[in-house]
Amino acid sequence: LEVARATNTPELDLDVLRQEAIASFGDVRGYDPVTIESNDRSITVASFHPRDNLLAIGHRDGRIEFFNPQSKAPLGEIPGHGKAIGALSFTGDGSRLLSVDSEGQVRDTTVEATPKAVRAVSTKDLFRTEKGDVWFDFAGSGKYLTTSNENRASVWNVEQRTPFKQFSAPEGRQLKCVRVSPDGKWLAASADATQGGSTSDQLLLWEMAGEGRVREIKLNH
C-alpha cells in the first residue's frame, strides 16, 4: 500500500486505492465468535492477557472471572466485594491484573496462570480516584488510567499513583467515554453537544504534551 500510494502516476485516488486493497483480500470468512455468557447479566468489562490465551471478565459485584478465550473453559475467580468493576488491564508481562471499581478504588493483583487454572497470589490497594468519576479506562498495558465525569477528565500515572493531566470539557459539551492513546500522546473523548434542542456527537482530542488546547472533530451521521 505504501508503494502504491507513493507511485508517480498521472492520477491517484486514495478512495479507489483503498477499495481495491480491500477487494484484494478476497471473500473473507471469519470464524464464528466464541461467546461467554453471564447467567445474571452482570458483566461490566473484559480484558485480554498480552498473549491472548486468557480473558479476564469483571462483574457488577466486583468478581473477576478468568476464561480460556478459545475453549470458554473457566479458569478461576477473584471474589467480589460489592462494587462494580469499571476497568481491567493486564500489565505488559501479564503477571499482574489492574482493576478499578465504580467508586474509584484501584487494585493491583498478582496472578499465577497455567493452562488449567488462574489464581490470585496477592492483591493490594493502590489509590482511590477523585469522587464523581463515572468512566474509567486503562491504557498502555496499565501504565495510564483515565477517569472522567461529564465535565472533567484526569489522566493518572498508575505506578506513581498521581494524576498528571486534567482536561475540562468545552462549554456546552458533556464528556462521555474517554481514552488515552497507547503511546500516551493523545487523549480522546466523545462528547455530546446540545444546541437548539438537538443533540450531536463530537470527538475531542487533546495533545498530552501540549498546552491543553482541545481539537473538535464533528462526526458524520
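The largest nonpolar core in this predicted model has 15 residues, and V155, F167, L175, V180, L187 and W206 have the most contacts inside it. A nonpolar core here is a set of buried Ala, Val, Leu, Ile, Met, Phe, Trp, Tyr and Cys residues joined through side-chain atoms within 4.5 Å; buried means under 20% relative accessible area, exposed over 50%, and partly exposed in between, using a 1.4 Å probe and protein chains only. At least two residues of this core come from each of β11 (152–157), β13 (173–180), β14 (186–195) and β15 (198–207). Strands are DSSP runs of E with at least two residues, and helices are runs of H or I with at least four, numbered from the N terminus. A second, separate core has 13 residues, including L54, L88, L97 and V118.

As for the ground rules, residues are numbered from 1 along each chain as its sequence is written, and side-chain values use heavy atoms, with hydrogens and water left out. The model is predicted, and local features need pLDDT of at least 70, side-chain atom pairs count only at pLDDT 80 or more, while totals for chains, interfaces and linings use all residues.

Back to L175: setting aside neighbours within four places in sequence, its contacts (heavy atoms within 4.5 Å) include N149, R152, A169, A189, L204 and W206.

Now for the sheets. Strands of a sheet pair through backbone hydrogen bonds, either parallel or antiparallel. Two strands count as paired if DSSP finds at least two bridges between them.

Strands β6 (residues 96–101) and β7 (residues 105–113) share 5 bridges; L97 sits opposite T109, and V100 opposite V106. These two strands make a hairpin with 3 residues between them, and G104 in the turn has a positive phi of about 90 degrees. Next, 9 bridges link β7 to β8, and a hairpin of 4 residues joins them. A113 has V118 in β8 as its bridge partner.
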